[in-house]
Amino acid sequence: MTPPRNREELTLTLGEPAHGGACVARDNDGRVVFVRHGLPGEKVVARVSATRKRLAWANVIEVLEASPDRVEPAWPQAAREKIGGAELCHVRPAAQRTWKEDVLRGQIRRVGGEGLAQAVDSIGGVRVQACPGDEDPDDLLLHRRTRIELVADKDGRLGMSRYRSNQVVALESMPLAVDALCEIGLFDGNDSRWLTAWGPRDRVRAVASTGGDIAVVTPSGTYDGQGKPLDREKLRWVVEPDPEPFNVRPSGFWQTHVRGAQVLSDAVRRLAGQGSAAMELYSGAGLFTRSLAGAFGRVVSLEGDDGAVEDAALNLGGAAHVETFIGDVDHQGILDLSNELQSHADVVVMDPPRSGAGDEVCQTVAALGSERIVLVSCDPAAGARDLRTLTEGGYRLTSLEAWDLFPHTHHVEFIAALEKD
């Protein structure tokens, strides 16, 4: 992919949304152009930012005919500076969910195949739900993110990179972050008390847990909201109805939306059902493991990150019927985990990274012959690919639920349940 020499400008009518946050259009020569910061049906002027063979990428610079779903950007600086991570902030929230439904439906058909698309239609089709608390059509869906990933510019000011660029834009504010992160002065510019905590190009993570903890993770150390060394190794995350909080390292993974963990754990608990034995792959810090532990007589889990398994062991409180294992989630790792279970698993739950589980893992899981499989996916294309492999392996799709846990971005999370044919 190369930047165009003259930054050509095109007048385009935008078509359907594509996976990745752009709308598809064609120029007068028939070239496919992926256009960001527009809406389906709009007529726009777009400036080309990159080209490759018969493809081009562009950004809207002028709207000639606006969609009724266009609104003033919820995060003006992100829209103005073309910052990554808020590419749909100009779209009415309900229309963002429609956008994601169209993308998920399209990826299921294109990647998953016609058979999978028909299976999805037969159980009610694709619907992206608002996270509980996000249903109000007048809500701008700000202050939902409990974690933000930042990078310092050459002067040490925290910012984010422009899309497909290494150029860092210093942030004036971060309205998508929860209030607790907006109030600690990370974006006070040259007056910030934080400037000595990192250097140019350093990466910084800021986290505010639902248990009331704040951590700012930098190359030089981890600090609390006052800029003092953090006096605890784990952050507390409250997920109802669990009486005890989850404990996770500040550098560990946890759902970003303030209610994301709640939504997904509730769904996994419901879709996994109950029985004598369960297996979990990509188990992380034990969010779903704890749900399974309450419904199954024996649970085994597999995770490749040592620190996450340490967190999970703490979060499971030493439950005798649950065992957490460290290892690669691959063909041999799954077979070894099955041997540790020493019985037939009623359900296999898996929550792979954005790249998906892949054919080898899905084929191995299908060969185990469990009555149910629950797949959690945060990428429509990867999730559709995994579902295709599982259905080709002898499973029937029985449920597909999707949520907008990443407002103002193109990301969408879904959970699928499958039963053995």
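This report describes salt bridges in a predicted model.

## Basis of the model

In this predicted model, local features need pLDDT of at least 70 and side-chain atom pairs count only at pLDDT 80 or more, while totals for chains, interfaces and linings use all residues. Residues are numbered from 1 along each chain as its sequence is written, and side-chain values use heavy atoms, with hydrogens and water left out.

## Salt bridges overall

The structure contains 33 salt bridges, each defined as a side-chain nitrogen of Lys or Arg within 4 Å of a carboxyl oxygen of Asp or Glu.

## The E401–R270 pair

E401 and R270 form a salt bridge through their side chains, at 2.7 Å from N to O. E401 belongs to strand β21 (residues 395-404) and R270 to helix α5 (residues 260-272), so the contact ties together parts that are 131 residues apart in sequence. Helices (H or I, at least four residues) and strands (E, at least two) are DSSP runs, numbered from the N terminus.

E401 is buried, at 12% relative accessible area, whereas R270 is partly exposed at 48%. Buried means under 20% relative accessible area, exposed over 50%, and partly exposed in between (1.4 Å probe, protein chains only).

## R396 and its two partners

The side chain of R396 meets that of E419 in a salt bridge of 3.3 Å, N to O. R396 lies in strand β21 and E419 in strand β22 (residues 413-420), so this pair ties together parts 23 residues apart in sequence. R396 is partly exposed at 41%, and E419 is partly exposed at 32%.

R396 also forms a salt bridge with D421 (3.7 Å, N to O). D421 lies in the segment after β22, 25 residues from R396, and is exposed at 63%.
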